[in-house]
Amino acid sequence: MITASGQFHADIAVSQGRIAAIGQTLGDAIDVVDAGGLIITPGGVDPHCHIEQVSGMGLMNADTFETATRSAAMGGTTSVISFAAQAKGQRLSEAAADYAARAKRGAAIDHAFHLIIADATVPNLEADLRELIAAGHRSLKIFTTYNIGLGNAEILRVLHIAREAGALTCIHAENDAIIAAARDRLLSEGRTRPIDHAASRPRSAEIEAVARMCRLAEDARAPVMIFHVSTTEAAAEIRAARARGAPVWAETCPHYLFQTEDILDKPGIEGAKWMCSPPQRTTRDQDALWHALALGDLQLVSSDHAPYRFDETGKLSNGADAPFPAIANGMPGLELRQPLMFDAMVKKGRLGPEAFVALTATLPARLYGFARKGDIAPGMDADLVLWDPGREVTYGANDLHDNVGYNPCEGVTVRGWPVRTILRGRTIMQDGTYLGEPGTGAWIPRPAIGTRPADITGAHT
């Protein structure tokens, strides 16, 4: 088995959904799983997924909690954090209750929510936020762009409330003015294809906003998580901020590690399948992001699962010849994250097996307050994934188990494959057969955090 701290051979005893013991000759058991020839890791913890959520364009994304968590289980993920998205004018407490009901109805794996603050002017925002954090919602999300972006004064207000109440603030950091200027210039030049989406969100937009959010977090002494870092320079800004002692953490995603902006350059509008924000960048940025993961400047790899079908209900809702600003951003990733990272890190050796577990399970669990997730140890939830290290799979056009209808990794071959997923001692996927049940996943309340780095992770690395 592989954990973030090492590799070893042992038996695992499970009782009442938790790991009871680890060792040799642990005694008789009612059920025995023979894992000979397989590798066991903790269940994946994916801390950034959009599920059953309405976008800023007013589109409901393709996945319900039932289909998204089914897809997660098939790919070796047992815990997920999605979003409770506040609509304009809506109380935050109402948004949280709405999404909790959706997940209770459909989720088949354990889950929590980031509270999206889209309207900082609604009445009772501060009271609602403090009450929700006290009730176990440990993280929230804000934007610096789109039609729900907050200004600097609003962001500082949110950061101060979050710090006092004990929450981590996650940030989509891109400069809206830079994006608007680039978009308008491209459209005036008649550049409307999906490949032009990459130029419409310049790297400078991310770099400026990341640097500014780091400074605001430093000033407010409020812990922040910078989402989906895509550029060399943004990673450098985060490294510099952390070196100053700023309470800043950050993540990246597989599409920034394995894809470049060239993937958007397809015939017609097909490149829309891979449109996301920030966009994919260059091979130089890929190398810099891997280096930042190795240094600990970036601590997590999330999927940023944002599923839209490639039809009139999703990507093509504004027509088959829509310009890039009228195309929904995002792609599926919940089922892909673990196999892609296992192939790169365990099979090909990039950063190594222990780092694979740390980046995709252990550190997400620690940073976001999942006390019994992300590790294989007595007392932890028995969330386990069994991998066949010799199995080779080439992804097809539509072989995922979500509701999206296409696979953005079509043609990609991975080595190492999840053959069994176990949630709290119960098998929910075995040999490609889904065994989970809607509504059986549990909401995980998470304790408030302190303001010092050690209060979050145990170390400021």
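The expected span of a helix is 1.5 Å times one less than its number of residues. The views below show a predicted model.

**View 1. Helix α5, residues 176-188, and its length.** Helix α5 has 13 residues. At 1.5 Å a residue, the helix should span 18 Å. The C-alpha atoms at its ends are 18 Å apart, so expectation and model agree.

View 2. Which residues of α5 are buried? They are I179, A182 and L186. These residues cover an arc of only 70 degrees around the axis, which means that they sit on the same side of α5. An α-helix has 3.6 residues a turn, so residues three or four places apart point the same way. On the other side of α5, A177 and S188 are exposed. The buried residues of α5 pack against two helices, α6 (194-200) and α7 (203-220).

**View 3. The two ends of α5.** At the start of α5, look for N175. A side-chain oxygen of N175 comes to within 2.9 Å of the backbone nitrogen of A177. After α5 comes G190. The phi of G190 is positive, near 80 degrees.

**View 4. R201, in the loop between α6 and α7.** Is R201 buried or exposed? Its relative accessibility is 8%, so R201 counts as buried. The side chain of R201 makes a polar contact with the side chain of E174, at 2.9 Å. Neighbours within four places in sequence are left aside in the contacts that follow. R201 touches T145, Y146, H172 and E174, among others. Its contacts also include I179, S277, P279 and R281. One of these, I179, is a buried residue of α5.

**View 5. Helix α3 (residues 125-134) beside helix α4 (residues 152-165).** Two packed helices are described by the angle between their axes and the distance between the axes. Here the axes come within 10 Å. They cross at roughly 35 degrees. The crossing of α3 past α4 is right-handed. From α3, the residues that meet α4 are L125, E126, L129, R130 and I133. Their partners in α4 are R157, I161, E164 and A165.

**View 6. Helix α4 and what covers it.** The 14 residues of α4 reach 20 Å from the first C-alpha to the last. That is close to the 20 Å expected at 1.5 Å a residue. Buried residues of α4 are I155, V158, L159, I161, A162, R163 and A165. G166 follows α4, with a positive phi near 95 degrees.

**View 7. A cis peptide bond from S277 to P278.** Omega of this bond is near -5 degrees. Where is P278 found? It is in the loop between α9 (254-258) and α10 (283-295).

**View 8. Positive phi at T25 and R424.** Both T25 and R424 have positive phi without being glycine. For T25, phi is near 45 degrees. T25 lies in the loop between β4 (18-23) and β5 (39-42). It has a relative accessible area of 75%, so T25 is exposed. For R424, phi is near 50 degrees. R424 lies in the loop between β15 (413-423) and β16. Its relative accessibility is 30%, so R424 counts as partly exposed.

**View 9. A246 and D431, each in a loop.** A246 is in the loop between α8 (232-243) and β12 (248-252). At 0% relative accessibility, A246 counts as buried. S302 is 56 residues from A246 along the chain, and the two C-alpha atoms are separated by 22 Å. D431 is in the loop between β16 (426-430) and β17 (433-434). At 57% relative accessibility, D431 counts as exposed. D431 and P323 are 108 residues apart in sequence. In space, C-alpha to C-alpha, D431 and P323 are 42 Å apart.

Methods: Residues are numbered from 1 along each chain as its sequence is written. Side-chain values use heavy atoms; hydrogens and water are left out. Helices (H or I, at least four residues) and strands (E, at least two) are DSSP runs, numbered from the N terminus. Buried means under 20% relative accessible area, exposed over 50%, partly exposed in between (1.4 Å probe, protein chains only). The arc is that of the directions from the helix axis to the C-beta atoms. Contact means heavy atoms within 4.5 Å. A polar contact is a pair of N or O atoms within 3.5 Å; within protein, one must be able to donate a hydrogen and the other to accept it, and residues adjacent in sequence count only if both atoms are side-chain atoms. Axes are lines fitted to C-alpha atoms, for helices over the stretch in contact, and angles run from 0 to 180 degrees between N-to-C directions. A crossing is left-handed if the near helix is turned anticlockwise from the far one by less than a right angle, and right-handed if clockwise.
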